[in-house]
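This briefing is intended for a reader who is new to the structure shown below.

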Amino acid sequence: MYDPRQLQVLAEVARTGTFTAAAEALGYTQPAISYQMRTLERAVGAPLTTRHGRTIRLTPVGAALARHAETVLAVLRTAQDELASLVSTGGGQVRLSAFQSGCVGLVPAALGALRRTHPDLEVVLTQTECADSHRLVLAGEVDLAVVCDLDDAENPPDPRLTRLPLLTDQRCVLLPADHYAAQRESVTVAELAGESWILERVRTRFLLACQEAGFVPRIAATSDDQLTIHSLVANGIGVAIINELGVSAHTHPGVVVRPLRGWPTRRISALLWPDLLRSAPIAAMLSALRSAARGLGLGDAA
């Protein structure tokens, strides 16, 4: 009998092509991946990989086992979820991760609806960045993740995972209520070149936009906390950019929100292994997320 953890390692090596990339995807060290592969090869009785330059190729035996590994891992995930439902006090458990504005603007409404329809279903929530959520789903550490697409070019989603659209939103500017631009319907980054900025830690796209507009932003404060950002803007410390989803949960009375022109629309989706779609708790969670997304009145799922 083969160890499921070793089958997961083989499947990831097959997907990424190197032990190092497989280690990064699974959160292991590279020596740990090598050890698991050697142990699996001893159990099989034949080599599973060969080195080709800087990459790893599967032998015919390795390729055959990798195909079976995908099936085995999918069945185990479904079984784990179903058994959790039977063992728990009637409702089961869903492990959910989401990025910050998703945790602020979307997830609470979904969990509130879920509590009314499935009061015994336990949801364990983790707030983390989209790239980390992707890794957690791949590793089976969460069942379902709320993610966005703007970082897909740098961190493309694994094609084995299913992505279900929930909604779209846009980037907005937070301005003090007495700011000169507060009377405009929308603003651009270039129009605020002379302002002080309150920025989140992840700011690469914003800094590139400033560079394209011909200026270097003056940074007054850094915060990832929604309430802190609103309070700093309300007190005249600077202006800020924030996602529409985050604004939907809270707006300080001393702050005006205006759409940021020239910024790509963000598509927000649920990410999971396709076999988990058959799970009743997961289906209930997805239904609640879709309902909450519609209730926000933002952009439709695309």
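Cys-172 stands opposite Pro-259 in strand S11, where strands are DSSP runs (E, at least two residues; helices are H or I, at least four) numbered from the N terminus. The model is predicted, so local features need pLDDT of at least 70 and side-chain atom pairs count only at pLDDT 80 or more, while totals for chains, interfaces and linings use all residues. Residues are numbered from 1 along each chain as its sequence is written, and side-chain values use heavy atoms, with hydrogens and water left out.

**Strand S7 and its partners**

- Strand S7 covers residues 171-176 and runs antiparallel to S11, to which five bridges join it; two strands pair if DSSP finds at least two bridges between them.
- Strands of a sheet pair through backbone hydrogen bonds, either parallel or antiparallel.

**Burial of S7**

- Six of the six residues of S7 are buried, so the strand is largely enclosed by the rest of the structure; buried means under 20% relative accessible area, exposed over 50% and partly exposed in between, with a 1.4 Å probe and protein chains only.
- Arg-171, Val-173 and Leu-175 are buried on one side, and Cys-172, Leu-174 and Pro-176 are buried on the other.
- In a regular strand the side chains alternate between the two faces of the sheet.

**The sheet**

- Five strands form an open sheet in the order S9-S8-S10-S7-S11, with mixed pairing.
- S9 (218-222) and S11 (255-259) stand at the edges with a single partner strand each, so one side of each has no neighbour in the sheet.
- From one strand to the next, the twist averages 35 degrees, with axes fitted to C-alpha atoms and angles running from 0 to 180 degrees between N-to-C directions.

**Helix H2 and Ala-23**

- Ala-23 lies in helix H2 (residues 19-26) and is buried, with a relative accessible area of 4%.
- Leaving aside neighbours within four places in sequence, Ala-23 is in contact with Tyr-28, Thr-29, Gln-30 and Ile-33, contact meaning heavy atoms within 4.5 Å.
- The C-alpha atoms of Ala-23 and Phe-215 are separated by 40 Å, and these residues are 192 residues apart along the chain.
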